[in-house]
Amino acid sequence: MSTLRLAETCFRWLMTAYPPRFRRAHGLALFELFRDDARAAYADGGRGAVAWLMCRAAGDTMRAAPSAWLAASPRNARPPRRFHVTGWLNDVRASARHLLRAPAFTVLSVATLAAGIGANVTIFALANAVLLRPLASYQPDRVVRLAGRTPSGAPVSRFAFADFSEYRSRSATLADIVAVNQSGFMLSADSRRDEILGEVVSARYLRLLGARIAIGRGLDDADDLASAAPTAVISAALWRRRFGADPAVLGRSVLLNGSAYAVVGVADASFNGSFVGAPTDVWVPIATAGSSLGADWQTNRDRRPFALIARLRANASLEQSQTELQVIADDLARAYPAPGRIQRIELSPGTLVSGQQRTLARRFLTLLLGLVALVLFVSCANVANLLLARALGRRREFALRIALGASRAHLARLLLGESLLLAAVSGGAALMLAQLTTGLVAVIRPLPTLTLRLDARLDARVLVFAGLVTLAAAVVVGAIAALQIVAPDVGPALKEETAASVGRRSGARLRGALVAIQVSVSLMLLTGAVLFARSVRQAEAIDLGLNPGGVVVLDVDNSHRTAPPAIRAFFGTLLQRVSSLPGVEAAALSTRAPLDTSTPIARINALGPVLATVDLASPSASYVLISPRYLDVVKIPLVDGRPFDDRDDDRAPSVVIVNQTLASRLWPEGSPLGRRLWLDPQVSAEPCTVVGVARNSKYLTIGEEPQAHLYLAFAQHPRAGAAILVRTVERSDRAIDHVRATLSGIDPAVQGFFARPLTEHIAVSLLPVRLAAGLSFVVAVLGLILATVGLYALVSFLVADRTQEIGLRMALGATPAAVIRMVLGYGLRLSAIGLAVGIPVTLLATRLLASLLYGVSPTDPASFLVVSSIVLSVTMLASGIPAARALSVDPLTAMRRL
């Protein structure tokens, strides 16, 4: 031991190089620190290691002693506080060096934070694409959407062309107002036909929204005249996909719904129209749209095909414009009275989604943002735990810095600098991750023939959000570690061993609390995912009241026929020929396929005509127009009366079939058969006689409560557009091909759109809950993984901290089972605390999901039991691995370090 005594004597001589005040304050602590290091060096490397430690101590003294003498001078007792860029740069370089010396810690921290930040950026990019991105690229704050409400309070988002013309000609507060109608088109070119979505627009539509044109020109006023040659502007996506980005497409003639249009321009890839997610590929003027708008669209004020978008004048406010438009709407209501006339005009900001759709989208995306915010919290807690454990291991280093004159604020700045560097690198990685994930979640395919794409690019708004989230994460992570490190006294910290400091009681409690909170948050996320998954299962098992299996649907556009006899003749021929196809059991027409949210609503009255004066008092019901055998095709049975047949034509009195709910509401005292029913005059000008009662089914959404519904005879109220439904034993794709061929054989000018099996059409109703289930599952798994990593890291540090204790226990006869119980019990206690806190909080939080669930209670005990079991199992695994590693501790090695 003479070597150690000699080293201690030499260190005492070195200490005389420091000022007396410094020796009195810190000499003993520094001597004890050197003595412990010398003993450890001698045990590991003998005399050579002690000699090397002595050389390092001499070098440190030569560098630090002059600064200590200067700091002890009265003139330097209170140095002026100044901001030095060089000092901050040195701190950044020092933080970077510390992080590079611990690559495993750095990589794990960056990956954890990047996952949390990336999830938030991805969901915010979706919210930005749907809710925040403006319609117009030029002065977007001046662009507004027009909407209205009927006397009954029902929202209206579409307007008649005649009303649009009145608003455009009479408004003085609007610099411009345009109309747009989304339509399906059959594009024919190069002996190939494609179904595409397009917009029928007034001439100034592209200009008002600031759409840039890649090549050619846009639409102008001359294109929107009835005498003009039909022209079209196509999208950049269609130009590349269909025409190989050939500039020679300009001036080329293509067929849209059988009519020839000259392509005059290609829109820039940044412009996608005014309907969120819709893959708009062509824009054509209203005046030359031909059959796309149907018959009498210019004069019929009961037909409302157009959404209206306007730009305010520079000197006009939103309130002034709304007041002016309300005056015009009141004049129109007096001049053209009707039960469904627009009574109140409403203006809203010009965004992609408006009205009820905006409300639903905001609710859904707010839920997702809340979920990913919890994931970010778990990420921050995880990294804070890692940084705290690492920083607590450096307590002696920090204490020595303070002893040598460093301020506590400087140390806090060092830790915050490390967290900022970690967050900055994580933010960059998160942006790259979000670039990939937004491309995946922004593509929705509700039908095989329709793919919706959200413009979820990482624009300036998303980048600012990412920066704020990254900064917030850095501050939270750094502050937790800094507050724990810079507070203790210097002397005790200098005497602590590294392992002991890691297991320091206050730090251990904080890290344990963070892990328990992570378990609670993971429980909440996983419970939401399980509830949504069970909701999907329950929704799929809901009795629809019909049988969609074996039925295919094709929307038919016959709008170039305007006379009712011609419409009836065409559809009669189509049904006759389709019914005779091989494998077809039955075929029928309907203005809407089942479970279509656009199914119209009509006011009804069983006592007398529906008038504007009694509009508020009259009940309402959804309705569709159907041909004979429709109920056979979709397998909806009659509970009373008869179905429609060939006698229910235009020469017979109007008839109606009601469902059970409507029958019980209007005629609770007896049979409804033979009773009369009045509807809105624009639906039926004469009263209808009830000839049948159909069993209740689902009409608009799968989760709807039983609601009133009625069926009208298609032959008595013909429409140019309808869906043909065919029940067949053939494969769906072959049956669709046969129906298309039959349709083309009758009239090549008539187009069929969006062919799909009825099962896939109905599955669209489950799209919101499926999206919620899928995204919440991904978020929950991510949160659970992060919480598991956090628990694993904490228990691993516990094992490292108590290595000497574990070795001593094993040397004194502790069994492996006792060691495992000690380590595993710590992890399970944290999990139990997390569950005890998380279950009540989750019970309260899941009540917010009640409106989004089908057939599942938000407090479903089975779901909570399953989730709690999963969380316990995962935490046992995370604690079990370090527990097994604790058995490998060598008692002799551990005791040698005592």
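Student: Which residue stands opposite W678 in β20?

Tutor: Two strands count as paired if DSSP finds at least two bridges between them, and strands themselves are DSSP runs of E of at least two residues, as helices are runs of H or I of at least four, numbered from the N terminus. Here N605 stands opposite W678 in β20, and strand β16 (residues 601-605) runs antiparallel to β20 (residues 676-679), joined to it by 2 bridges. β20 also pairs in the antiparallel sense with strand β21 (residues 688-694) over 2 bridges, where T689 is the bridge partner of R676.

Student: What should I keep in mind about the source and the numbering?

Tutor: This is a predicted model, in which local features need pLDDT of at least 70 and side-chain atom pairs count only at pLDDT 80 or more, whereas totals for chains, interfaces and linings use all residues. Residues are numbered from 1 along each chain as its sequence is written, and side-chain values use heavy atoms, with hydrogens and water left out.

Student: Which strands does β3 pair with?

Tutor: β3 (residues 174-189) has 14 of its 16 residues buried, where buried means under 20% relative accessible area with a 1.4 Å probe and protein chains only, exposed means over 50%, and partly exposed lies in between. Antiparallel to β3 runs β4 (residues 192-201), joined by 10 bridges, with V200 as the bridge partner of N181; in the hairpin of β3 and β4, which has 2 residues between the strands, D190 takes a positive phi near 55 degrees. β3 is also joined by 6 bridges to antiparallel β10 (residues 307-312), where V180 stands opposite A307, and by 2 bridges to antiparallel β7 (residues 253-256), where L187 stands opposite L256.

Student: How much of the protein is buried?

Tutor: Of its 898 residues, 51% count as buried, and the secondary structure comes to 25 helices and 24 strands.
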